[in-house]
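These are my notebook entries on one structure, written down in the order in which I looked things up.

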Amino acid sequence: MHRLAVYLSIFSAVGMSSCTVKQAKYTDLEPSPLVKNYVHPSLESKKTNEFSEHANDEKLSGPITLHQALSLAIAKNPELEVFSFEVRAAESREQQAGLFSNPELEIEIEDFAGEGDLSGFSGAESTLAIGQLIELGGKRGKRERVASLSKRLQDWNYESKRLDVFTKTSRAFIDVLVLQRRLALANESLDLSKKMHNLVSEKVEAGKESPLEKTKADVMLSTTQIVELSIAKQLEAARKTLASFWGDSFAEFSNVEGDLETLYSLPPIETLTPLISQNPDIRSLNVALELRESEVVLAESSRVPDVTLRGGIKRFEETSDYGFAVGISVPLGIFDRNQGGIQEARHNMASTRSLKNAEKIRIEAELIAAYQELSSAYYQATTLKNTVMPAASSALEASSEGYTQGKLEYLDVLDAQRTLYEVKSQYIQSLSSYHKATIEVERRIGQRIYKETSYVR
C-alpha cells in the first residue's frame with residue numbers, strides 16, 4: 001500500500017502541474033509619436049500647452065483645442081473600445097496556449113457477472129489508472145509562440161486603428177476650424193454687402209443712381225445671406241461629426257480653437273520615404289509574416305506523434321492482491337500526417353508575404369500623392385497670402401472709394417467684392433488642404449514631419 005500511495009502521488013503531481021494557470025505576458029506597445037502626444041503641431045494653439053481638465057469631462061461646454069479633441073477620441077472612441085476587447089481576447093488565447101492538457105482518470109472492471117467462477121464480483125479484476133498526454137516535437141512551445149505573435153499582431157492592429165481615429169479626428173477638427181473661418185468670412189462679406197446696400201439705397205433715393213443699381217445691391221445682399229446660412233448649417237454638421245469621434249451625439253462645445261495660418265516649409269520627400277517602415281500597418285504585416293512562419297513550424301511539428309502514458313493499480317478480488325499497471329499509446333501516422341494543414345500554413349505564409357509587398361507599395365504611393373498635395377497647398381497658400389490677397393483687398397478698397405466719389409460704377413465694386421471673397425475662400429481652402437495633407441503624410445510615416453522646437457510634444 002505504501003508503494004501504491006507513492007505511485008498515485010506521482011500521477012497526482014502530474015495532474016496538478018497540468019492545471020497550473022500560466023500568467024499572460026501582456027505588454028502594451030509604446031504608442032506612436034503621433035498618438036502619444038494627442039496633438040497635431042501645425043494646428044496647436046498657444047492655449048494647449050497644458051492638458052485641459054475639460055478633456056476628461058463627460059460634456060464640454062466651452063471652446064476645445066485639437067489636443068482635447070484627440071485626447072477624448074483616443075480615450076472614448078467606440079471603435080477603439082471594440083478593438084481593445086479583441087486585444088484582450090488575444091491575450092486570453094495566449095494564456096490558454098501555454099496550458100498542459102488535463103490528465104485522464106480511468107476506471108476499468110473486468111471478469112465479473114459471468115458464469116461459474118466469474119459470476120458476481122468474486123473473480124473480478126479492477127484497475128484504477130491516470131493517463132497523461134505528453135506532447136512531443138516541441139508542440140507546446142511552438143503553440144505558445146504562435147499565440148504570442150497573434151497577440152502582438154492584435155496590438156499592432158489596435159495601434160493602426162488608433163492612428164486611423166487620430167487621423168480622422170484631426171481631419172474633422174480641421175473641417176470645423178475651416179468652416180468657422182469661412183463663416184467669419186461670410187459674415188464679413190455680409191457686413192460689407194449691407195454697407196454697400198445702404199450706400200446704393202441712399203444714392204438711389206437722392207436720384208444719383210438708377211433703381212437698377214438698387215436691384216443689383218438687393219441681389220448681392222440676398223446671395224451673401226444665403227451663403228452665410230449654408231455655411232452655418234455645414235458648420236453644425238461638422239461639429240456633430242467631430243463630437244461623434246468620442247461617442248457624443250451632440251456637439252456640446254461652443255467652438256474649436258487652433259491656428260490655421262502657421263505653415264512650415266516641407267522636408268525633402270527622400271527623407272520621408274524610408275520612414276514608412278515605422279507605419280503600424282507595415283509593422284503589423286511584419287509580425288503577421290512572422291506569425292505565418294511560426295504556424296508552418298507548428299503544423300510541421302504535428303508529424304511527430306504524441307504519446308499518452310498511463311499508470312495505476314490493479315486489484316484482484318479473488319486474492320485481495322494489488323499490482324501495478326503501466327501503459328503507453330502512440331498514434332500511427334499512416335493516413336493523417338497533417339499534410340493539408342502544412343500546405344495551408346505554407347500558402348498562408350506566401351499570401352502574407354505578397355500582401356506585405358503590396359501594402360508597402362500602396363503606402364509609398366499614398367505618401368507621394370499626399371506629399372504632392374501638401375507641396376501644392378503650401379505654394380498656393382503662401383502665394384495667395386503674400387501676393388494675391390493684398391492686391392484683391394487694395395482693388396476693393398480703391399473701387400469702393402471710387403464709387404463713393406462717383407468715379408466708378410457699382411458693378412466695379414461688385415466685381416472687386418466677389419474677387420476678394422473668392423481669393424479669401426481659396427486661401428482658406430488651401431490652408432485646409434495643407435493641414436489635411438500634413439496629417440495624411442504623417443499617417444503614412446507614423447510620426448511628425450516637422451521638428452521645430454516650438455511644437456508642443
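Before reading any strand pairs, I noted that two strands pair if DSSP finds at least two bridges between them. I also noted that helices (H or I, at least four residues) and strands (E, at least two) are DSSP runs, numbered from the N terminus.

I am working with a predicted model, in which local features need pLDDT of at least 70 and side-chain atom pairs count only at pLDDT 80 or more, while totals for chains, interfaces and linings use all residues. Residues are numbered from 1 along each chain as its sequence is written, and side-chain values use heavy atoms, with hydrogens and water left out.

Entry on the sheet. I looked up the strand order and found an open sheet of 4 strands, β2-β3-β5-β6, with antiparallel pairing. β2 (104-110) and β6 (321-329) each have a single partner strand and stand at the edges, so one side of each is left without a neighbour in the sheet. From one strand to the next, the twist averages 20 degrees.

Entry on the strand pairs. I found that strand β3 (residues 125-134) and β5 run antiparallel and are joined by 10 bridges, and that S126 has R315 in β5 as its bridge partner. Strand β5 (residues 307-316) pairs with β6 over 9 bridges, again in the antiparallel sense. Going along this second pair, I read that R310 has G327 in β6 as its bridge partner, that G311 is partnered by V326, and that G312 stands opposite A325. β5 and β6 form a hairpin with 4 residues between them, and S320 in the turn has a positive phi of about 60 degrees.

Entry on two packed helices. How are helix α8 and helix α9 packed? I found an angle of about 170 degrees between helix α8 (residues 280-301) and helix α9 (residues 339-404), with their axes 8 Å apart; axes are lines fitted to C-alpha atoms, for helices over the stretch in contact, and angles run from 0 to 180 degrees between N-to-C directions. That makes α8 roughly antiparallel to α9, a term used for angles over 145 degrees.

Entry on Q339. This residue is found in helix α9, and I read a relative accessible area of 36%, so Q339 is partly exposed; buried means under 20%, exposed over 50%, and partly exposed in between (1.4 Å probe, protein chains only). The C-alpha atoms of Q339 and S302 are separated by 9.4 Å, although these residues are 37 apart along the chain.

Entry on two further helices. In helix α3 (residues 66-76), 9 of the 11 residues are buried, which leaves the helix mostly covered; among them are L66, H67 and I74. For helix α6 (residues 211-244), I compared lengths: at 1.5 Å a residue its 34 residues should span 50 Å, and its end C-alpha atoms are 50 Å apart, which agrees. The expected span is 1.5 Å times one less than the number of residues. The buried residues of α6 include E213, M220 and R239.

Notes:
Parallel < 35°, antiparallel > 145°, perpendicular 65-115°, else oblique.
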